[in-house]
Amino acid sequence: ELETINIFSVCTGHLYERFMKIMMLSVTQSTKNPVHFYLLDTFLSPGFREEALILSSSLGCKITFVSYKWPPWLRSQSTIQRKIWGYKILFLDVLFPQGLDRIIFVDADQVFREDIRELWDLNLEEHVYGYVPFCDSNKDTLGFQFWREGYWKDLLGDKPYHISALYLVDLNKFRDDGVGDILRATYESLSRDPGSLSNLDQDLPNFVSPQVPIFSLPQEWLWCESWCSLDTKVESKTIDLCNNPLKKEPKIDMARRIIKGELFEKSWEDMDEEVKLRIGGEEIEERHDEL
Ligand code: UDP
Ligand code: CA
């Protein structure tokens, strides 16, 4: 019997909810294994919850909506964006059923080209979690990689700065080693300075990496155009849409442009259409417009 693969994801807003459904489609169709999504309930719209459940029965995967009340003793965040980033990393020990051994976080706007099982089966070699190092093959944006000098360089030494769009967590080790407490304590102390942790969910695990080492996942598990060179796209196993520091482009345009062509069995637009068909599309949208 094939093992169930657990996925954690978070999102808010109509655009990212649309991306999330496409992510669910691409993950589920990449693998023969059963897939169980754990989605952060807190910021989802009622319409999305309903559609996601219809989609999951159409795709044959499972969904559990998870939530955890931000503890009053932990510094709060005022914007939804930063709250979401907090939920992405701070409560991994308490968000999921205690029997859950392993989970993969996937960004809502990510698309899989390869079987996620290959990532699921990776040996973390006694590490609590594995992240993909930032690409440095796109020379145009190298100058924006702030961790290559100064403060971050001193902190990380020869170790890479890792990107937080995708990560694999050994939940048993995470709980046994009390990593949640380490992350929350570090967050509490760093967030005293509002200028600190500007990429909260990414800076935090990189910052604590001297105490809680990060396993480096193979580079091809996360390709994003802003930081990786075009000639490495063919090897990519997932594609993330990430903001480009050099040009402002709406994410939908980026999705349509980047996720198409011979590298993809289905273009982004095909997947967007397929999701609509599977959930009975317009009828539901109209119903919610009326509400
Ligand atoms: N996100 C969201 N709504 C937003 C912005 C971000 O739900 O309005 C979540 C979503 O899960 C997304 C993640 O935060 O995948 C990271 O944001 P984004 O992908 O925009 O960051 P980037 O990859 O460009 O760094
Ligand atoms: Ca992204």
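Colleague: Which backbone atom lies 2.7 Å from an oxygen atom of ligand 1?

Modeller: A polar contact is a pair of N or O atoms within 3.5 Å; within protein, one must be able to donate a hydrogen and the other to accept it, and residues adjacent in sequence count only if both atoms are side-chain atoms. Here, a backbone N or O atom of T12 lies at that distance from the ligand 1 oxygen. A polar side-chain atom of Y16 is 2.6 Å from an oxygen atom of ligand 1, and a side-chain N or O atom of K251 is 2.9 Å from one. This is a predicted model, in which local features need pLDDT of at least 70 and side-chain atom pairs count only at pLDDT 80 or more, whereas totals for chains, interfaces and linings use all residues. Residues are numbered from 1 along each chain as its sequence is written, chains are lettered from A and ligands numbered from 1 in the order in which they are written, and side-chain values use heavy atoms, with hydrogens and water left out.

Colleague: Is D107 buried or exposed?

Modeller: Buried means under 20% relative accessible area, exposed over 50%, and partly exposed in between (1.4 Å probe, protein chains only). D107 is buried, at 18%, and it lies in the loop between β4 and β5. Both D109 and L241 are buried as well.

Colleague: Where are the residues with positive phi, E126 and L197?

Modeller: E126, a residue other than glycine, has phi near 70° and is found in the loop between α4 (116–120) and β6; at 68% relative accessibility, E126 counts as exposed. L197 has phi near 50° and is found in the loop between α7 and α8; L197 is buried, at 6%.

Notes
Helices (H or I, at least four residues) and strands (E, at least two) are DSSP runs, numbered from the N terminus.
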